[in-house]
Amino acid sequence: MMQPQGRQAVTVMGATGSIGTSTLDVISRHPERYRVHALTAHRSREALFEQCRLYTPDIAVLATEADAAWLRQRLADAGLATQVRAGTQALIDVARDDEATIVMAAIVGAAGLLPTLAAVEAGKRVLLANKEALVMSGALFMEAVTRSGATLLPIDSEHNAIYQCLPIEHRDGLVRHGVSQLLLTASGGPFRGWSAEQIARVTPEQACAHPNWAMGRKISVDSATLMNKGLELIEACWLFDASPEQIQVVVHPQSVIHSMVAYHDGSVIAQMGNPDMRTPIAYGLAWPERIDAGVKPLDLFAVARLDFDVPDEDTFPCLRLAREAMKAGGTAPAILNAANEVAVEAFLEGRLSFTGIGEVVARVLDRQTVASADTLEGILEANRQARHLAQQLLDVKT
Ligand code: NDP
Ligand code: MG
């Protein structure tokens, strides 16, 4: 097939999710710059079929062979030539496929670890939304970036903001560049200001109704417990080679400042914009250039004021648990992440209370011995064991 010169091929992993659909929206605004090479989903075969119709990728991936067979049939009926594959190995293969130069890593949770690492090891431009992958495997992940020469661009809005506020060559150390602190902003989630008694009875629907951002259900719950900010603190430590002490979490309910960098001379540089993930996605796709993202300009008069507050780590202990896990090092962040994934799923299914999430995570961290995280096998084993422990605790509770 003839391609206009200079068009870059993009693979979107987690295409049917919140970040995936926003990515395809930005891509569709720039047909002269980007084409879609591969799209992946887990079970959403109908949604993936619609995306194949719209974006005509070369390859589509689903989790099971049965769903892949269904999609193959639908595509054949529609006269489309997209190849369909199934399973984890297929995900890993598309992540490192030579055909694509840009890979959006937007699978949710630990399931994204192997495909995201595969894209990094293949030296792609990796747009990292899947923070759990980096939280689990931090040192190993960043070593792979250095070794392969991959270009890692953070998509998480806070990290994308920090990236924009840092000098381009910041990888050789923050202090050398005069940075004194990274200020990670947090909306505070839907239960900001609530008491422990009030949050004990909240429902999944309440937790998923974020005041400023429309996101997938898992990250919405993480935002409500502040575990999302905890995972982001760990993510920032690895991305910017910072210690937990160099990072201050600042509650900023308007979600207009996406994060800030403080310098030794007293300057604080902030990145601002409407809360719309298409801004960081467009930045990641086009960096170091800038392209239209379809995002409305920020109306400062409508925003009118910016508030700042300290996070309430007593009512929302997950942020503290994450900071402690980062300080403990080794497999502690992978354990934290795994226990959280199991607990959040149980909460979403009505099997665990909202405050139970932090309790399960704390107990798993108490019980499981932290090991060194210098091999992928060790990390995956810690992940497996923590899930098992968390499940056992849930079985006792219910
Ligand atoms: P969603 O739940 O909306 O989408 C997740 C995507 O991953 C879907 O395409 C889903 O497929 C796929 N997926 C789910 N489980 C698996 C699995 N086991 N194997 C392979 N694919 C799977 O999540 P979000 O888009 O909200 O979040 C994606 C990532 O981006 C997360 O790590 C999140 O923390 C991060 N992020 C998200 C932000 C947001 O605004 N949404 C902001 C910052 C970071 P299917 O549809 O078939 O289930
Ligand atoms: Mg974020």
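Asp156 counts as buried because its relative accessibility is 8%, the criterion being under 20% relative accessible area with a 1.4 Å probe and protein chains only. Glu158 is likewise buried, with a relative accessible area of 8%. The model is predicted, with local features requiring pLDDT of at least 70 and side-chain atom pairs pLDDT 80 or more, while totals for chains, interfaces and linings use all residues. Residues are numbered from 1 along each chain as its sequence is written, chains are lettered from A and ligands numbered from 1 in the order written, and side-chain values use heavy atoms, without hydrogens and water.

Seven strands form an open sheet with parallel pairing, in the order 4-3-2-1-5-6-7; strands are DSSP runs (E, at least two residues), numbered from the N terminus, and two of them pair if DSSP finds at least two bridges between them. Strand 4 (83-86) and strand 7 (151-154) are the edge strands, each pairing on one side only. From one strand to the next, the twist averages 20°, with axes fitted as lines to C-alpha atoms and angles running from 0 to 180 degrees between N-to-C directions. Strand 3 (residues 59-62) and strand 4 run parallel and are joined by four bridges; Ala60 has Val84 of strand 4 as its bridge partner.

Note on methods:
Buried means under 20% relative accessible area, exposed over 50%, partly exposed in between (1.4 Å probe, protein chains only).
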